[in-house]
Amino acid sequence: MKSDLSRRQFLKMTGTGLAIAAATTSTGFRLLSAAELAKEGQSFHPSVWLEVRPNNSIIVTVNKSEMGQGVYTSLPMIVADELDADWKNVRMEVAPADDAYKDPVWGMQSTGGSSSIRHMYEPLRKAGAAAREMLMLAAARKWTVPLKECAVDKGRVRHIASNRMLTYGKLAADAASLEIPQNPVLKKESQFRYIGKNIPRLDMHDKVNGTALFGIDSFVPGMLYAAIARPPSYEADLLSYDRDAAQAVPGVQAIVPIHSGMAVCADSLDAAWQGRDALKPRWENGRYPNLSNESLEKDFTAYLDVKGLMARNDGDAGRALDSAANKIDAVYQLPYLSHATMEPMNCTISVRPDSCDIWAPTQNQTGVRNLAVKLTGLKPDQIHVHTTFLGGGFGRRFETDYVEEALILSMSMGKPVKLLWKREEDMQHDLYRPMNLSKIQGAVDEQGRATAWSHKIVCPSIFARVFPSMLKNGIDTAAVEGLENMEYEIPNIAVEYVRIDTPVPVGFWRSVGSSHNAFTVESFIDELAHAAAKDPLEFRLGLLKNHPQAKRVLETAAEKAGWGKPLAKGEARGIAYHLSFGSYVAEVAEVSVDRGSGAIKVHKVTCAVDCGSVVNPAIVSAQIMGGLTMGLSAALKEKIEIANGGIKSQNFGDYELLRMNEAPDVDVHIVKSSDKLGGIGEPGVPPIAPAVANAVFQATGARLRQLPMKPDTVLAAMKQG
Amino acid sequence: MVHLEINGKAYDVDVAPDVPLVWVIRERLELTGTKFGCGIGACGSCTVHIDGKAERSCQTSAGSAEGKKITTIEGLPENHPVKHAWIREQVPQCGYCQPGQIMQAAALLAEDPHPSENKILEHMNGNLCRCGTYLKIKSAIRLASSSGGNK
């Protein structure tokens, strides 16, 4: 159902000019004018807006969250291009949470899965093209000339013969009364004015001068600050706390028990935090006092012997392995990881008897609104979600746990509340990238061809909590992504999924299953290449004869990196590729290893990416660069420490992120095999860990099968190797 | 009551002197360009200039900043070469750490208009960026340096 809110906003906007909404229908996507929208009644769900104002401003409403990936620029570029707008007149506005703005593919308003361009490209192009055709028709009628004598030119319609011109702003009112073409003619690629160009980001100035508003920058008159004391271990009850001491802190208004702990609400942030300190809570040990990295490692290892569910079964891997002469096996282990967005979780909410305003750095507007409806009892159109800039998302901000807390506290206090987590809360109450173990067996024949691959992964399920309907016969498709669709042409492949449930909650972490499975697949394929005594690149190419896109990124990255050419003494190269979110990325890492300390230095990474049509190449390169840097941070440094039933890692002192002196030079090459769009926010992450591990093997002969590749891990592997 | 001079303006703030400066700047005075990241001085998001030096405002008490000249990202001139360079190089992604990065870089160039690669790394290493913009930050610093340092 379309809500009254969006209708009001829509109709209000149409008074000033031409506005176009796009609606999803059961048969696809269609465009609606305001008049039609009113006629169509409640059965359509407009999801995209553009507005042409009489002053020539073009306003594009963006229904995706900006968390660094550039959608506040790339989505308006798509509309502006088809509209043939003058870019300097284009502005963007952030969509409210409303059914009108739901992602047409997902049916929910959220940002993730590297899908923003993929899902919005066609509807936004159609919206822009329809508006262009209407503006042209309005001009033709005004001049009483045939439509075919008119052309558009950067925000103006021109009558070619007489060289008369009218700006879009001048034509907006006339165009608004026209019928909207349902199948506007889209531009040819050669006609693109903005798509494919390095258009500077629209959010750049605000992010450089400090005026960009993130969730943490929200203020509401009369708001209280909230701080929550949380248990240090999972499912631990509060034994005692000093309510009087907290209440005695000047400015503290109330101590509020909440499902996640004990909240202190106060007039200022410092009072709320001091009040929390004064609580001096004592917690019981929790339900899992023996939970630790060691206990988890033991449990996961034991699960390697549990029979799992077959996610893929080509040929007969078991028999092929039994009869193989040259076979190897290995166990890989990856830890739980925190998202560690630079902006800690926070939310500011004002719940009133008849409405609710939520300022949230969220990837999940639909989730936020549904939650608010559920908790407040208000109607969806009484809930106003204001999406701020996100200080990093990476999947963490798809969750709504911090919104729930702020809602409860605002309702309980009858006042607006700003909830801000400390870094320690953010680190210890995350929903982590799942720990996982893989046991892989593989075989090569006398000619050095891979003949069998048997892969068993023990991994907690994200979908079991977030989208249970996405489980396929009990198999978490995220846990086996990159395995069930592994492209290597091996006749016998078995992929087995063993789900393990632990008290540690898991969530989407940039590139999700691919972020761990690329490491195991691309490391083990290197192990097979070694067993076959073949060059790692040649070995891969030999197994990808029918996968031209994979071959092309591998060959491009290898060529640009100078694969096979000599390096400085002590340096070596490793290669890896991965297909995720519709995009192919290959990365070649050049590393050296300090043989005394075991420290890895990554000097340079050369990347080739094939994501199909590119809207903004500079943003694509930045995302690949950023993705591999985050992936390298995880590969070299990150591991959540668990002990005594809870998370022990606290802050950037004991959960270290990659710093500038550890960031390699990066060279990104974009190749395009087809127009088919691929995602770009995540695919840069997966190949870096195996590329580095494979380079370390070349440099030292030590095979690293555990992340992170900390110096002591490397030293231990070098001793073994 | 704490008396502060921020971006050339005098402020009297009713706050205990031991409250970290970052909370006064952000939550009392609503100069929100300065960000909170870790609270332990390990990320650099809260970097401001105190008497021209880059300092972590989460590790500086409001009281200790009295009588000193505090500059936040809002007080760095719009035409500052570092801001220009950041835009030219299109550095930010999510943008959250960037005010801290910019303040850290501006202090470096004020002290050494032509820093070496090692000096840049040494000076900037305390500022984390989760989006991975480090290479662009380095290029922007080199660009600002070649365009005349701090002035």
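Pro708(A) is found in the loop that runs between helix 19 (688-700) and helix 20 (711-720) of chain A. The structure is a predicted model, and in it the peptide bond that leads from Leu707(A) to Pro708(A) is cis, with omega near 0°.

Two further loop positions of chain A have a positive phi without being glycine. Ser114(A), in the loop between strand 5 (90-94) and helix 4 of chain A, has a phi near 50°, a positive value in a residue other than glycine. Lys154(A) is placed in the loop between strand 6 (150-152) and strand 7 (156-159) of chain A, and its phi is also positive, at about 50°, although Lys154(A) is not a glycine. As for their surroundings, Ser114(A) counts as buried because 25 C-beta neighbours lie inside 10 Å, whereas Lys154(A), with 15 C-beta neighbours inside 10 Å, counts as partly exposed.

## The largest nonpolar core

The largest nonpolar core holds 264 residues, and the members that touch the most others are Ala226(A), Ile358(A), Cys607(A), Val692(A) and Val696(A). Helix 4 (residues 116-143) of chain A gives the most to this core, supplying 12 residues.

Chain B is divided into domain 1, covering 2-75, and domain 2, covering 81-146. Their C-alpha centres lie 20 Å apart, and the contact between them takes 15 residues from domain 1 of chain B and 12 residues from domain 2 of chain B.

On the side of domain 1 of chain B that touches domain 2 of chain B, strand 3 (47-50) and strand 4 (53-56) of chain B each supply at least two residues, and the largest share, 3 residues, comes from strand 3 of chain B. Sorted by class, this side of domain 1 of chain B has 5 nonpolar, 8 polar and 2 charged residues.

## The sheet of chain B

Chain B contains an open sheet of 5 strands, arranged in the order 2-1-5-3-4 with mixed pairing. Strand 2 (9-13) and strand 4 of chain B stand at the edges and have a single partner strand each, so one side of each is left without a neighbour in the sheet. On average, and with direction ignored, neighbouring strands of this sheet are turned by 40° against each other.

Strand 1 (residues 2-6) and strand 2 of chain B run antiparallel and are joined by 5 bridges; in one of the pairings between residues, Ile6(B) has Lys9(B), in strand 2 of chain B, as its bridge partner. Helix 3 (residues 98-111) of chain B packs on the sheet, where this helix touches strand 3 and strand 4 of chain B, and its direction makes about 35° with that of strand 3 of chain B.

## Where the two chains meet

Between the chains, 42 residues of chain B are in contact with 46 residues of chain A. The elements that give two or more residues to the side of chain B that touches chain A are helix 1 (21-28), helix 2 (81-88), helix 3, helix 4 (117-124) and helix 5 (134-146) of chain B. By class, this side of chain B has 24 nonpolar, 12 polar and 6 charged residues.

Key
Residues are numbered from 1 along each chain as its sequence is written. Chains are lettered from A and ligands numbered from 1 in the order in which they are written. This is a predicted model: local features need pLDDT of at least 70, side-chain atom pairs count only at pLDDT 80 or more; totals for chains, interfaces and linings use all residues. A nonpolar core is a set of buried Ala, Val, Leu, Ile, Met, Phe, Trp, Tyr and Cys residues joined through C-beta atoms within 7 Å. A residue is buried if 20 or more other C-beta atoms lie within 10 Å of its own, exposed if 12 or fewer, and partly exposed in between; C-beta atoms are placed from the backbone. Helices (H or I, at least four residues) and strands (E, at least two) are DSSP runs, numbered from the N terminus. Domain bounds come from an automatic or database domain assignment. Two residues are in contact if their C-beta atoms, placed from the backbone, lie within 7 Å. Ala, Val, Leu, Ile, Met, Phe, Trp, Tyr, Cys and Pro count as nonpolar, Asp, Glu, Lys and Arg as charged, and the others, Gly among them, as polar. Two strands pair if DSSP finds at least two bridges between them. Axes are lines fitted to C-alpha atoms, for helices over the stretch in contact, and angles run from 0 to 180 degrees between N-to-C directions.
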